[in-house]
Amino acid sequence: MPDFEEIAAIDEFGTADRLEVFIDDTPALLIRINDQYLAIEDICTHDGQPLTNGCIEDGAIKCPRHGARFDLVTGKALCMPATKPIKTFEIEIRGRNIFARPAVK
Ligand code: FES
């Protein structure tokens with residue numbers, strides 16, 4: 001199982017609800033919902049669009065290009081045109097720093 005790597009500090013969020021990061025060389029989106037932190041692969045599995053600016057609602061992110069939605073916890077594609085899941089990451093908070101590693105499925 002891969003080790004956790006430090007990817008960001010909580011203070012980097014400012015007032016934003018998301019941060020673009022790299023986890024294990026994968027472009028990823030770190031998302032803050034209230035006090036919960038989640039991280040997903042920042043590439044839509046339909047046609048490679050970054051999900052960076054996608055609308056986040058009801059625990060899912062919507063691809064800004066063709067509208068596929070992905071569950072933020074499981075990565076599952078919730079609607080067409082995407083059929084494959086995105087990667088998700090386990091998050092651990094240590095002090096004011098955020099660590100992540102690929103989630104085991
Ligand atoms: S590239 Fe994301 S839905 Fe098509």
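**Contacts, strands and salt bridges**

Mentor: Apart from neighbours within four places in sequence, isoleucine 33 is in contact with Leu38, Ile56 and Leu72, where contact means heavy atoms within 4.5 Å. This is a predicted model, in which local features need pLDDT of at least 70 and side-chain atom pairs count only at pLDDT 80 or more, while totals for chains, interfaces and linings use all residues. Residues are numbered from 1 along each chain as its sequence is written, and side-chain values use heavy atoms, with hydrogens and water left out.

Trainee: Which strand holds isoleucine 33?

Mentor: Isoleucine 33 belongs to strand β3 (residues 26-33). Strands (E, at least two residues) and helices (H or I, at least four) are DSSP runs, numbered from the N terminus.

Trainee: How far apart are isoleucine 33 and isoleucine 56?

Mentor: They are 23 residues apart in sequence and 9.4 Å apart in space, C-alpha to C-alpha. Isoleucine 56 also stands opposite isoleucine 61 in β6.

Trainee: What is the order of the strands in that open sheet?

Mentor: The open sheet of 3 strands has the order β5-β6-β7, with antiparallel pairing. Its edge strands are β5 and β7, each of which pairs on one side only. Two strands pair if DSSP finds at least two bridges between them, and 2 bridges join β5 to β6.

Trainee: Changing topic, how many salt bridges are there?

Mentor: The count comes to 5 salt bridges, a salt bridge being a side-chain nitrogen of Lys or Arg within 4 Å of a carboxyl oxygen of Asp or Glu. One of them joins arginine 65 and aspartate 47, with the closest N and O atoms 2.8 Å apart. That pair links distant parts of the chain, 18 residues apart: arginine 65 is in the loop between β6 (60-62) and β7 (69-71), and aspartate 47 is in the loop between β4 (36-41) and β5 (56-57).

Trainee: Why can such side chains pair?

Mentor: Side chains of opposite charge can pair when their charged atoms come close.

Trainee: Which residue meets glutamate 90 in a salt bridge?

Mentor: The partner of glutamate 90 is arginine 101, at 3.4 Å from N to O. Glutamate 90 lies in strand β8 (residues 88-94) and arginine 101 in strand β9 (residues 97-102), so the pair ties together parts 11 residues apart in sequence. Arginine 101 is buried, with a relative accessible area of 15%, whereas glutamate 90 is partly exposed at 28%.

Trainee: And where is the cis peptide bond?

Mentor: The cis peptide bond joins methionine 80 and proline 81, with omega about 10°. Proline 81 is found in the loop between β7 and β8.

Trainee: What is the phi of aspartate 24, and of aspartate 25?

Mentor: Phi is near 55° for aspartate 24 and near 70° for aspartate 25. Each is a positive value in a residue other than glycine. Aspartate 25 is in the loop between β2 and β3 and is exposed, with a relative accessible area of 74%.

Trainee: Lastly, what feature does UniProt place at residues 5-100?

Mentor: The unreviewed UniProt entry gives "domain: Rieske" there. UniProt positions follow the numbering used here, feature names are shortened, and annotations may be inferred rather than shown by experiment. In the model, that span is 0% helix and 46% strand.

How values were computed
Buried < 20%, exposed > 50% of the residue type's maximum accessible area, 1.4 Å probe, protein only.
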